[in-house]
Amino acid sequence: MKIKENIFGGISVAVIALPLALAFGVSSGLGASAGIYGAIILGFFASVFGGTPTQISGPTGPMTVVIAAAIVSLNSDLGLIVTTILLAGIFQIAFGISKIGKFVQYIPYPVISGFMSGIGIIIIILQINPYLGLESNSSIIDILIQLPSNLLNINFSTFMLSSATLFLMFFIPSKLQKIVPAPLIALGVLTPLSVYLGLEVETIGEISSSLPSFVMPSMDFSHYSTILSLAFTLAILGSIDTLLTSIVADSVTGVKHKPNRELIGQGIGNSLCAITGSLPGAGATMRTVLNIKSGGTNKISGMVHSITLLLIVLFLAPLASQIPLAILAGILVKVGIEILDYRFISIYKEAPKHDLSVMLVVFFTTVFVDLIAAVGVGIVLAALLIVYRITKESEISLVEATSKDEAIDLDLTEKKIRVIKINGAFFFGSSTAFENKANSILNTKIVIIDILDVPFMDLTAMFTLKNLITKLEKNDIKIIILAKEHDKAQLLKLNKTHVLDKVEFYSSMSEASYYLS
């Protein structure tokens with residue numbers, strides 16, 4: 001069971017989770033206490049009920065961005081925000097019970113890449129004003145428009161402290177970071193320094209050392225559509241973020257996670273975060289990998305991580321309240337930079353154009369429009385491009401001569417026989433091409449439709465085929481279909497209108513030629 005290693009892993013990851021939880025809490029608008037208790041509650045219950053043994057859960061960038069948007073959309077009404085988070089948790093539980101967790105693996109990589117890079121850019125942009133010592137703004141466009149004028153009004157003490165934090169985050173030797181995480185070094189060095197120098201910078205402020213109290217959800221039916229939309233967005237993003245982290249954990253440990261159970265665990269954790277007014281979250285990749293590298297092998301490490309954070313809050317809250325927001329801004333800028341998908345960025349020139357176009361559409365939609373819309377638009381666009389590519393590769397040919405490979409002793413021209421041969425997928429994307437090809441053979445006596453090399457057919461293709469048969473029979477044209485046994489069975493199963501009653505089925509061209517010769 002390796003209890004000692006798991007305890008060490010949990011304590012190690014708690015050290016790095018502390019500054020991130022504080023930073024995400026402040027950035028979300030719910031406050032530092034909400035961030036730290038979100039890490040404690042979600043981290044503990046997701047570990048207990050989840051399906052990824054080494055997963056460390058807590059506030060993450062994507063979830064924080066959505067909560068910040070929710071606070072603006074719901075006019076900072078805590079009851080409505082709690083309702084939104086609670087519904088998101090319930091949605092995640094429903095996802096797990098419905099066993100849809102496995103479908104995350106089918107999201108195309110360009111969609112994930114564009115989305116994660118977009119989230120990284122959003123986090124960076126949202127930290128521009130805190131980095132400069134100015135009032136926070138939740139509008140990406142407003143921040144960018146006002147940036148030139150804001151540069152003239154910066155608080156130099158805050159700017160220097162943020163820059164010093166970012167410098168430390170990038171240039172602390174990796175050997176030292178293996179002992180003490182860079183965010184904790186930045187907090188430990190720069191917080192006392194700012195107090196000693198008497199810098200006029202804004203701090204986190206009071207952090208409650210008592211346990212969070214119950215917050216009653218509320219519902220304003222004038223906001224129900226906004227609440228449902230935000231809750232579904234949180235549930236989707238949290239699920240995607242978590243299961244992608246679970247896949248990373250699998251690759252490191254070699255242990256297969258249980259996606260649906262993991263979603264249930266996340267849903268329970270986020271639901272409890274909701275009723276305590278805490279910040280929701282998801283599986284955190286960086287913290288999970290650190291946990292594994294520090295010796296974490298099972299649920300104990302995640303539970304110890306939460307207990308360690310709780311002890312820090314109960315006994316060290318007064319010290320944490322002195323942390324300057326500038327330090328948290330510097331930490332979050334580094335987090336945003338790390339979220340960018342450099343693997344895709346490094347090969348963008350060599351990447352297929354359709355994949356690059358999907359990535360860019362998702363990226364810009366994420367940054368400037370809406371997170372859930374970005375994922376939806378990306379998946380739809382990727383699916384349409386796949387359909388287009390499959391359609392282009394499907395070949396529908398009109399054969400007017402005997403196939404030498406089959407050694408058919410049949411003169412197609414003499415007997416006025418035409419063969420329509422389909423190579424590739426026969427589905428809604430290729431059915432129009434099939435119909436156009438078929439319309440050119442009405443001046444014949446027999447039509448052979450060869451679907452032997454079709455890997456799959458969908459309902460659209462089957463209906464197109466039946467419509468063609470009806471049309472040909474009205475012109476007194478005999479129809480023969482060459483099909484594999486399972487395709488024949490599928491077509492006959494749908495023969496409710498008896499369109500196929502006069503159609504002859506054969507399993508090869510040679511068999512058909514034998515009966516026609």
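This report walks through the strands, salt bridges and a surface patch of the structure above.

A quick word on ground rules: this is a predicted model, where local features need pLDDT of at least 70, side-chain atom pairs count only at pLDDT 80 or more, and totals for chains, interfaces and linings use all residues. Residues are numbered from 1 along each chain as its sequence is written, and side-chain values use heavy atoms, with hydrogens and water left out.

Four of the five residues in strand 6 are buried. Here, buried means under 20% relative accessible area, exposed over 50%, and partly exposed in between (1.4 Å probe, protein chains only).

Which strands pair with strand 6? Strand 5 (residues 446–453) runs parallel to strand 6, joined by five bridges, and strand 7 (residues 504–506) is also parallel to strand 6, over three bridges. Two strands count as paired if DSSP finds at least two bridges between them. Ile-480 in strand 6 sits opposite Ile-448, and its bridge partner in strand 7 is Glu-504. To get from strand 6 to strand 7, the chain passes through helix 21 (residues 485–493) in a right-handed β-α-β crossover. Right-handed means that, with the strands pointing away from the viewer, the path from the first strand over the helix to the second runs clockwise.

Now for the charges. Side chains of opposite charge can pair when their charged atoms come close. A salt bridge is a side-chain nitrogen of Lys or Arg within 4 Å of a carboxyl oxygen of Asp or Glu, and the whole structure has four of them. Three are listed here:

| Pair | N to O distance |
|---|---|
| Lys-334 and Glu-338 | 2.4 Å |
| Asp-450 and Lys-421 | 3.0 Å |
| Glu-504 and Lys-478 | 3.0 Å |

Lys-334 and Glu-338 are both in helix 15 (residues 325–339), four residues apart, about one turn of the helix. Lys-334 is buried at 11% relative accessible area, while Glu-338 is partly exposed at 39%.

Finally, the surface. Ile-141, Leu-144, Ile-145, Leu-360, Phe-364, Phe-368 and Val-369 make up a nonpolar patch with about 670 Å² of accessible area together. Patch residues have over 30% relative accessible area and no salt bridge; like charges are joined within 9 Å, and nonpolar side chains (Val, Leu, Ile, Met, Phe, Trp, Tyr) within 5 Å. Accessible areas come from the Shrake-Rupley method with a 1.4 Å probe, and for residues, only the protein chains shown count as cover. Helix 7 (140–150) and helix 17 (353–368) each supply at least two patch residues.
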